[in-house]
Amino acid sequence: MGKYNHTVTQDEVGLSINQIIKANFKFSSRFKTKMKYQQLVDLNDIQTPGFKKPEEGDVISIRLPQETSDFPVEDIPVIVLYEDDDLMFINKQPGIIVHPTKGHPHHTIANGIMKYMQDHDQSYKIRFANRIDMDTSGIVIVAKNANAQNDISHQMRSNTVHKQYIAIVNGIIDEDEFTVHAPIGRPREESIKRTVLEEGGKDAITDVRVLERFTNNTLVEVTLHTGRTHQIRVHLKHVGHPITGDRLYGGDAPGLMERQALHAAQMTVRHPVTKEKLTVEASLPEDMKNCLAILRS
């Protein structure tokens, strides 16, 4: 069973354990309730009620309840970029969804992680802190406990996570750098497509920087300042340069790409426990490398 530790400082003397935990950890209300009723808080390795006032140098420990997921185990490759007791960053391959749904109950990243846990003698409830489309490749964050998920989700909602993508688009982009600031929403409630909506859309901001130009395509680096569904795909279509291979948004590219040429290449978060900046990078998948090789030739 994992746990979080905190050593009481001189400034914290006189405060209760509960007050010190509140000041140092951003636990969800649900987890705080579990802490209380499952008696998960220790002081110097002895279970202690939260109203007690510790001394300087005492160690407060919050034990994490043992949790598991019960998805079927499948031998699906899981490319781990970074892993510790709280987080795992993986480089998701294209053509596979992240989490089981009614329409796709099997052959997901979650099923592959179950096999990865089995092989590495691990056990935790799989919590995805971000999602990317089935046909988008790149970084997916797995939180190994509720606190890590809650913290990363808060960072996502606050738009403090740095998210950088690589995309190949149709057409030649003349500007070297520009920003698309246009609200996004569904034109109809039943539609899976999104579009720029001047009324009723949610605020969305995307930075675009040209990396390389080809005869009829452009390689770009995209930085997200908000996290709307299909944001990059919609914004690039909006400026007349749909992503190469993106059939849904008019970027058909027979012979080049069989899916949208979009890859979540870099992500920077604040670690939920150490509070240090953590930057993870994911290399391009083979189909995008092959596409670039064709374009360069």
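Strand 2 (residues 41-43) and strand 3 run antiparallel to each other, paired over two bridges. Keep in mind that this is a predicted model.

- Leucine 43 has isoleucine 46 of strand 3 as its bridge partner.
- Zooming out, the sheet is an open one of four strands, ordered 1-4-2-3, and the pairing is antiparallel.

**The nonpolar core**
- The largest nonpolar core has 52 residues, and the members that touch the most others are Ile113, Ile126, Phe128, Tyr165, Ile168, Val220 and Ile232.
- Helix 3 (residues 109-119) is the top contributor to this core, putting in six residues.
- Take isoleucine 168: setting aside neighbours within four places in sequence, its contacts include Asn217, Thr218, Leu219, Ile243, Thr244 and Ala261. Met288, Cys291, Leu292 and Leu295 are also among the contacts of isoleucine 168.

**Histidine 235**
- You'll find histidine 235 in helix 5 (residues 231-238).
- With a relative accessible area of 1%, histidine 235 counts as buried, because the cut-off for that is under 20%.
- Its side chain gets to the backbone oxygen of alanine 182 at 2.8 Å.
- Alanine 182 also turns up among the residues that histidine 235 touches beyond four places in sequence, along with Val180, Ile184, Val196, Ala204, Ile205 and Thr206.

**Serine 153**
- Serine 153 belongs to helix 4 (residues 146-157), and its side chain reaches the backbone oxygen of glutamine 149 at 2.8 Å.
- Alanine 143 is ten residues from serine 153 in sequence, with 9.8 Å between their C-alpha atoms.

**Aromatic pairs**
- Searching the whole structure turns up two aromatic pairs.
- Tyrosine 4 and phenylalanine 25 have ring centres 5.9 Å apart and planes at 15 degrees, so this pair is stacked.
- That pair links distant parts of the chain, 21 residues apart: tyrosine 4 is in strand 1, while phenylalanine 25 is in the loop between helix 1 (17-24) and helix 2 (29-37).
- Tyrosine 4 is buried at 3% relative accessible area, and phenylalanine 25 is buried at 11%.
- Tyrosine 82 and phenylalanine 89 make an edge-to-face pair, because their planes are at 80 degrees, with the ring centres 6.0 Å apart.
- Here tyrosine 82 is partly exposed at 26% relative accessibility, whereas phenylalanine 89 is buried at 0%.

Conventions. Residues numbered from 1 in each chain as written. Predicted model: local features only at pLDDT ≥ 70, side-chain atom pairs only at ≥ 80, totals over all residues. Heavy atoms only, no water. Core = buried A, V, L, I, M, F, W, Y, C linked by side-chain atoms within 4.5 Å. Buried < 20%, exposed > 50% of the residue type's maximum accessible area, 1.4 Å probe, protein only. Contact = heavy atoms within 4.5 Å. Pairing = 2+ DSSP bridges. Polar contact = N/O pair within 3.5 Å; in protein donor to acceptor, adjacent residues only side chain to side chain. Phe/Tyr/Trp six-rings, centres within 6.5 Å; stacked < 30°, edge-to-face > 60°.
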